[in-house]
Amino acid sequence: MWTVYSFTSASILASIVFSLLLFLSIDENPLMQFLFGGLAVIFELGKFFAWYEFGERRARRNYTGAFSAFAFYTVLAAISIGGSIGGINSATNQAQSHVNVQQSKITAFNMQIEAIEQQIALNNVAAEKYIQMERIATGVTRIQKANDKLRHQQQELAMQRDSLPVVSQGSVLGLIDSLAKSLNVQTQTAQLGLVVFLSVLLDFFAAFFVGLIGEEQRFRHQFRRMNPITIDAFDNAPHKQPELLTDMRSEEDIKASAESSQDNESDIPAEPQTPYEQVFSALNTNKVNCTKRAVTRFLKMSSEEVDEIFKQFMEEGIVSKKPNNHYQWHGLQES
């Protein structure tokens with residue numbers, strides 16, 4: 001979740017910064033810049049709070065409240081996307097302006113060199129006229145001297161043009177030029193499309209992570225309310241020995257059953273049961289758990305006798321052994 005928090009903070013901060021670039025450029029007065037900057041921050045934070053509240057209300061099935069929160073988010077998101085578009089566009093325009101200034105200087109030098117070249121061409125035409133008039137000594141000589149001065153001036157301008165520092169084109173501007181060439185559109189159109197795409201993507205990116213944080217918070221609250229039994233809690237819980245089955249009947253029922261058993265015993269003489277029958281009766285009536293230790297304690301028998309009886313039970317299919325070495329009571333199978 002720290003990765004989610006980091007991405008969310010970075011995306012929200014980037015969205016606020018780009019909105020500030022636009023809102024702070026509205027007025028140069030420091031007070032107005034402070035007010036517009038605060039307005040941009042309020043719009044950005046309010047937009048993400050509205051999106052978080054939309055997820056909360058939708059989770060509570062409050063669809064009317066969710067619709068109002070979504071409508072509020074849509075208005076703030078439109079303002080935010082517009083601010084981000086203006087901020088990113090301003091940043092790209094500022095980077096483009098440096099390239100344009102340098103290009104304009106080179107264009108100015110090229111225009112001066114081209115003008116000198118045209119002047120030299122005109123002088124050559126005049127020189128041909130003087131040659132036809134056989135005034136080579138006076139006219140042609142003067143024109144040649146003028147052309148030499150123009151050539152020298154042209155070379156100086158070319159050297160100044162070539163000595164200008166080369167402005168490296170940034171990666172964003174290179175991407176814009178590539179898009180413009182591939183889509184066969186103007187550079188301004190490609191720049192606007194790229195700015196709109198980045199602004200919308202940034203806004204949806206931040207909204208996605210804000211919604212993810214809301215889902216995680218709701219899961220935590222629900223998990224804590226359910227208070228489930230975890231593996232750690234089970235391991236830390238004290239392990240108790242299995243208790244013997246107790247008689248949950250009332251005292252009156254116990255007395256009545258005791259009297260009836262006494263009457264039956266008085267009528268029918270009781271026959272002593274064998275250890276095998278005692279263990280079978282105790283397990284079959286669920287008076288004791290199906291473990292050797294519980295049977296030994298309940299019937300006060302020796303461990304050797306209980307081991308022999310359990311072996312006999314397993315041979316007869318009355319008892320089976322689980323993979324965890326615990327016994328399971330099946331009883332007599334009806335045929």
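Lys-300 sits in the loop between H10 and H11. This is a predicted model, and in it Lys-300 has a positive phi of about 55 degrees although it is not a glycine. Most residues other than glycine have a negative phi. At 74% relative accessibility, Lys-300 counts as exposed, because exposed means over 50%.

Asn-184 is found between helix H5 (171-183) and H6. Its phi is near 60 degrees, again a positive value in a residue other than glycine. Asn-184 has a relative accessible area of 71%, so Asn-184 is exposed.

Asp-307 forms a salt bridge with Lys-292, and the closest N and O atoms are 3.1 Å apart. Asp-307 lies in helix H11 (residues 303-316) and Lys-292 in helix H10 (residues 292-299), so the pair ties together parts that are 15 residues apart in sequence. Asp-307 is partly exposed, at 28% relative accessibility. Lys-292 is partly exposed too, at 27%.

Step back to the whole fold. The protein has eleven helices and two strands. From the N terminus on, the order is α-α-α-α-α-α-α-α-α-α-α-β-β. There are 335 residues, and 26% of them count as buried.

How many salt bridges does a search of the whole structure find? The search finds eight. Side chains of opposite charge can pair when their charged atoms come close.

Helix H6 holds another pair. The side chains of Glu-216 and Arg-220 meet in a salt bridge of 2.3 Å, N to O. Glu-216 and Arg-220 both lie in helix H6, four residues apart, about one turn of the helix. Glu-216 has a relative accessible area of 14%, and it is buried because the cut-off is under 20%. Arg-220 stands at 35% relative accessibility, so Arg-220 counts as partly exposed.

Helices H2 and H6 come up again at the largest pocket. About 230 Å³ of space lies in this pocket. Which helices each supply at least two residues of its lining? They are helix H1 (2-23), helix H2 (30-59) and helix H6 (187-226). The lining consists of Tyr-5, Thr-8, Ser-9, Ile-12, Leu-45, Phe-48, Phe-49, Tyr-52, Val-210 and Ile-213. By type, the lining divides into eight nonpolar residues, two polar and no charged.

Together with Leu-13 and Leu-21, Val-17 makes a nonpolar surface patch of about 250 Å².

Technical notes. Residues numbered from 1 in each chain as written. Predicted model: local features only at pLDDT ≥ 70, side-chain atom pairs only at ≥ 80, totals over all residues. Heavy atoms only, no water. 1 Å grid on protein atoms, 1.4 Å probe; cavity = no way out; pocket = protein on both sides within 12 Å on 5 of 7 lines; lining within 4 Å. Points joined across faces, edges and corners; volume = space filled by probe spheres on them. Nonpolar A, V, L, I, M, F, W, Y, C, P; charged D, E, K, R; others polar. Patch = residues over 30% accessible without salt bridge, like charges linked within 9 Å, V, L, I, M, F, W, Y side chains within 5 Å. Areas by Shrake-Rupley, 256 points an atom, 1.4 Å probe, with all protein chains shown as cover. Salt bridge = Lys/Arg side-chain N within 4 Å of Asp/Glu carboxyl O. Buried < 20%, exposed > 50% of the residue type's maximum accessible area, 1.4 Å probe, protein only.
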